[in-house]
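Here is a short report on one protein model. It begins with how two parts of the chain meet, then turns to local pairings.

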Amino acid sequence: MAKYDKADLERRMHGAVESLKSDLAGLRTGRAHTALLDPVTVEVYGAQMPLNQVASVSAPEARMLTVQVWDKSNVGPVDKAIRSAGLGLNPIVDGQMLRLPIPEMTQERRKELSKLAGKYAEAARVAVRNVRRDGMDNLKADENKKEISEDDRKRHETEVQKLTDATIAELDAAATAKEKEILG
């Protein structure tokens with residue numbers, strides 16, 4: 001049976017795009033948005049849990065996030081997790097609610113985040129290139145097993161390359177848009 005599967009390559013490349021978009025959503029821009037706290041995990045009930053499984057996050061104002069903790073005993077661990085997440089946020093505890101004022105970003109911090117967005121994009125490009133390499137290797141293996149002809153291999157390689165180019169263009173567009181948003 002042929003190893004080459006175009007649908008699988010498309011799925012894996014699309015996965016790299018989705019991964020980049022979720023990574024970029026976690027980067028802070030000047031405004032408050034709930035995705036900012038997506039990477040935060042909290043040590044509760046003897047396990048690491050995502051913040052959204054122990055509290056609800058909302059953005060009532062442009063420069064403020066609120067975290068409504070469901071169990072009063074988890075307020076301390078949630079506070080600690082947000083402080084140690086490296087987001088530059090300092091929660092203000094108000095009963096079972098934590099208020100997170102979003103400070104104005106300095107130009108230096110904006111440049112750091114812009115570089116980080118570039119690193120995320122490069123990691124996604126590498127992932128897409130690895131998928132491309134796997135596809136090309138599978139095509140060569142299929143040709144060596146005489147399951148496909150040389151012409152078929154070359155035609156499929158062209159398809160894989162076009163898919164790779166389109167995916168990388170999509171990655172670059174997402175990264176460029178996020179960098180513009182960060183640099184304001």
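Between domain 1 and domain 2 there are 0 salt bridges. A salt bridge here is a side-chain nitrogen of Lys or Arg within 4 Å of a carboxyl oxygen of Asp or Glu.

The model is predicted: local features need pLDDT of at least 70, side-chain atom pairs count only at pLDDT 80 or more, and totals for chains, interfaces and linings use all residues. Residues are numbered from 1 along each chain as its sequence is written, and side-chain values use heavy atoms, with hydrogens and water left out.

**The two domains**

Domain 1 covers 6-27 + 106-183, and domain 2 covers 34-101. These bounds come from an automatic or database domain assignment. Their C-alpha centres lie 33 Å apart. In domain 1, 4 residues are in contact with 4 residues of domain 2; contact means heavy atoms within 4.5 Å.

Domain 1 and domain 2 bury about 240 Å² between them, and 52% of that is on carbon and sulfur atoms. On the domain 1 side, Ala 25, Gly 26 and Arg 109 lose the most area to domain 2, together 92% of what that side buries. Buried area is the accessible area (1.4 Å probe) that two parts lose on being put together, summed over both.

**Strand pairs**

Strands (E, at least two residues) and helices (H or I, at least four) are DSSP runs, numbered from the N terminus. Two strands pair if DSSP finds at least two bridges between them.

| Strands | Direction | Bridges |
|---|---|---|
| E1 (residues 41-44), E2 (residues 47-50) | antiparallel | 4 bridges |
| E3 (residues 55-61), E4 (residues 64-69) | antiparallel | 5 bridges |

E1 and E2 have 2 residues between them, and Tyr 45 in the turn has a positive phi of about 50 degrees. Val 42 has Met 49 as its bridge partner in E2. E3 and E4 also form a hairpin with 2 residues between them. Ser 58 has Thr 66 as its bridge partner in E4.

**Salt bridges**

The structure holds 18 salt bridges. One joins the side chains of Asp 8 and Arg 12 (3.9 Å, N to O). Both residues lie in helix H1 (residues 6-25), 4 residues apart, about one turn of the helix.
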